[in-house]
Amino acid sequence: METSSVPTPSPGGLPPALRGILPVLIAVPVLLLFDRLLASAPFATYLLSIMGVNVILAVSLNIVNGMTGQFSIGHAGFMAVGAYVAGVLSLSFKETALSFLPVAASDQVFLVVALLAGGAAAALCGFLVGLPSLRLRGDYLAIVTLGFGEIIRVVVQNTDAFGRALGLSGIPQTSSLAMVGFWVFLVVLVARRIAYSSHGRSLWAIREDEVAAEAMGVDTTGYKVRAFVVSAFFAGIAGGLFAHFVPIINPGSFTFVKSMEIVVMVVLGGLGSTTGAIVAAVFLTLLPEALRSAFTVMGAEGSLAQKVDQIRMPVYGLLLVALMLLRPQGLFGMKEIWEVLPRWLPRRRKGLA
Amino acid sequence: MAQLLQHLINGLAAGTIYALVALGYTMVYGVLKLINFAHGDVMMVGVYMGYATAFALGRQTQKTFLGVVLIFLVAMGGCALLGFLIERFAYRPLREKPRLTALITAIGISFALSYGFQLDIGFLPGAAPRAFPEIIQPTEWLVIGDRDVVVWNWQVMSLLIAVGLMVGLQWLVFKTRFGRAMRAVSYDHRVAALMGIPTDRVIAVTFMIGSGLAAGAGLLYAIKDTSVSPLMGLYVGLKAFVAAVIGGIGHVPGAVVGALLLGLVEEFVVGYAASTWRDAVAFGILILVLLVKPGGLFGRVAAEKV
Amino acid sequence: MSPGAEASPPRQEEAPLLQADSVSIQFGGLRALTDFNLAIRKGDLQGLIGPNGAGKTTAFNVLTGVYRPTRGDVRVAGRRVNGWLPHQINHLGLARTFQNIRLFRALTALDNVKVACRAQGALHVEGADLGAKLRGALRNYRDWWRALLLTPGFMAEERELTRQAERLLEVMGLSHRRDEEARNLPYGEQRRLEIARALGTRPRVLLLDEPAAGMNTREKADLMVLIRKLRDDFSLGILVIEHDMKLVMGICEQITVLDHGETIARGAPEQVRSDRKVIEAYLGDNYLETHGGAA
């Protein structure tokens, strides 16, 4: 007897032990195939990887900002932790290889280890930042996470191992589209399963009414911290992936601007909607590229194409204000795309990037 | 010993500027229970207004007493207007909505201002910091020993201006009719409205005063730093906010004490440890305060009404 | 539903399930509650009444841990809970409803109750020492891990929670609203859903804050029957705040009357009804003078 509110994946006669990881088993070969197909298109691969990283960031931030109703604006800080920890690890194991594996496979093993280490470090930071601030009212979290991002920046700039302001270069470029896709897939799966478990319902309950949730026996601080840790973990993973396909990472890659970009994605998609976060992340990754190409093609104003990156920032700010005033629920509200789309379709197809 | 004294003076001077900005946070928080994220950026806009005015006045006039007064007036008045507009068109429509929407709006405005001013389109100044004219010629006001301790005239001036403004504010809040209305709105703006208090006007004026103070503080900061940049609002604003939280947000004297404390700690870190760690200090303190005394030094964590 | 559950459990000398020991609370200079005493045992059905602003809801908030008492002790199941968090107190078996309905508005009726049911399984109050805390925290993370892998044990747990929640909806006559969002329920049903949600925490004592507010006479009569039934079926102790004197007098065995934070009377309904102080508090000092004592 399935319900509309808790659609558990259909059992379909599978052994229960398999059911939990079945989606993963299906996803991996598909991703590998995709990776092969795009092997000859480096720019597309790069753009898709960036997009994937953004999706991971947006979906993970949505666990805190959307589902739990808190407001973290320092996601890039956790991304930085993941990027630097994973990057430094990979750099120090650059010359090592597992002798019993082919080189490519050995590289991937090291990559996964580095990613997990980066994620774990970010999760630990998430715990340390979240514990004091999540006890308090929402707006403190915003400030503390913002401050955390700053502290990370200052720490990096003062640490030789992290390359100070120059950053780290020469990190082995072992990330692949398949690897990014795998983590995208994983974060979405995790977000969905949390959301539809009774634990996830407790997060929603906190978002709806913290006092009532507490009175009904929900350890609100504990839940918030857990959501925060999971969210930070995936931000760390995203950072780690990022570090393994861009030529150089420096403090400039993980500023407040990056955090805001992720916040805008989550708010635009609809606080609480995982698919909304995905759609918005894809859209906002492609938009500047599209604008840049459009301006370049038009050729009229070469400088305009270069200004796209600059203009993006204030536009994000105004977009947030406009959204709050006109459509605070974002694209999909708390719902998922398949719950919302049928209602839109009869009238008019809404363009979805 | 002399070194200590010098740091003490510098720290206090920096602290008074933070205090003026922190007052704006604390006042707005008092009446609206909103952390006005854009406060620091409004301040930055004010400094640019002052900068433009100084330019318009020319090298000679900008240094005269009248010139300086005019620069301050334009910046503070312009900022008050900006504060009014932001409140009227961005915050007021959201007043009865969930708190999160107002917070997101504030973040959006802050972002739009601080990065909008980094564009070099039209009148916007561009990202590079600019030298702020020396509208107050720096002179040594007091020298002890063989230049062991130097107190600059602008330090004294900013201290006097800051203290004056604070006393004025305290008088306004506790001794005037308007202050009483403010406190009523702070207590419960719905009930205050029922009692015939024009809450909209009170909130708007509070915003304007807060923004005007910020502009004044921003100018003092720019004079001290001899530079102005689009990101100064973000940094000064954040530190001022931290100061307000240290003192207990919503608490006027608390904000001042918190700001002085922060100014001193920063100065000592820069003086005795390393200047590169300066920006991390404020947030380190913030997290510490939240851990140990979440309500700040003077505030209390108000229990939510159930 | 179940035929004639044991009507009146025997009164025994064991510690009350909920006890307030001269509890006082002060906000600034305002004394919201002074020397408040209360004892609720299994099977009790007590009322807490008083004029507006008498401190009734404040009393609830102190008992459930929203406020910390300035003086005095609150004991739940024999344990002193001053300074505990509301959810910890709830885990000892104290649940409540709210005067101004506070449902999880965007969640379905079923999920509202399920959240309450889940909160009981996952957490443990025992042990303030670090080791126990750490073990508890690890258990919570493991719990989430199970949710991610959809382990058979977890799925069974979820099904069990759904079953429990469905049963409670049925008890409160809300089965037909199972999948509707709480905010779309009519007012009276929202009040009942709040009770269902409170029952989901498997309480031993239930605090109801004006459960009949906004109901018509018929609904109130039904509610009276329902409250009694809950007490018997779930063997609860119940404390009701209510404005409607008729309702309180009709179902409560003992009534405490608050005025300006002070307990001005306590006793059986008849006793309280004729109490001079109570009449004064409710109807004003002049009432007795002009009407010559009889109420």
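Mentor: Gladly! Chain C is assigned domain 1 (14–93 + 203–295) and domain 2 (108–194). Keep in mind that this is a predicted model.

Trainee: How far apart are the C-alpha centres of domain 1 of chain C and domain 2 of chain C?

Mentor: Those centres lie 28 Å apart.

Trainee: What makes residues of domain 1 of chain C count as in contact with domain 2 of chain C?

Mentor: The test is C-beta atoms, placed from the backbone, within 7 Å. By that test, 8 residues of domain 1 of chain C are in contact with 7 residues of domain 2 of chain C. On the domain 1 side, helix α2 (residues 86–91) of chain C gives the largest share, 3 residues. By class, that side has 3 nonpolar, 4 polar and 1 charged residues.

Trainee: How many residues of chain A are in contact with chain C?

Mentor: Here 31 residues of chain A are in contact with 39 residues of chain C. Elements giving two or more residues to the chain A side include α7 (177–196) and α10 (220–243) of chain A. The most comes from α8(A), with 7 residues. The chain A side divides into 11 nonpolar, 12 polar and 8 charged residues.

Trainee: What does the secondary structure of chain A come to?

Mentor: Chain A has 14 helices and 2 strands.

Notes:
Residues are numbered from 1 along each chain as its sequence is written. Chains are lettered from A and ligands numbered from 1 in the order in which they are written. This is a predicted model: local features need pLDDT of at least 70, side-chain atom pairs count only at pLDDT 80 or more; totals for chains, interfaces and linings use all residues. Domain bounds come from an automatic or database domain assignment. Two residues are in contact if their C-beta atoms, placed from the backbone, lie within 7 Å. Helices (H or I, at least four residues) and strands (E, at least two) are DSSP runs, numbered from the N terminus. Ala, Val, Leu, Ile, Met, Phe, Trp, Tyr, Cys and Pro count as nonpolar, Asp, Glu, Lys and Arg as charged, and the others, Gly among them, as polar.
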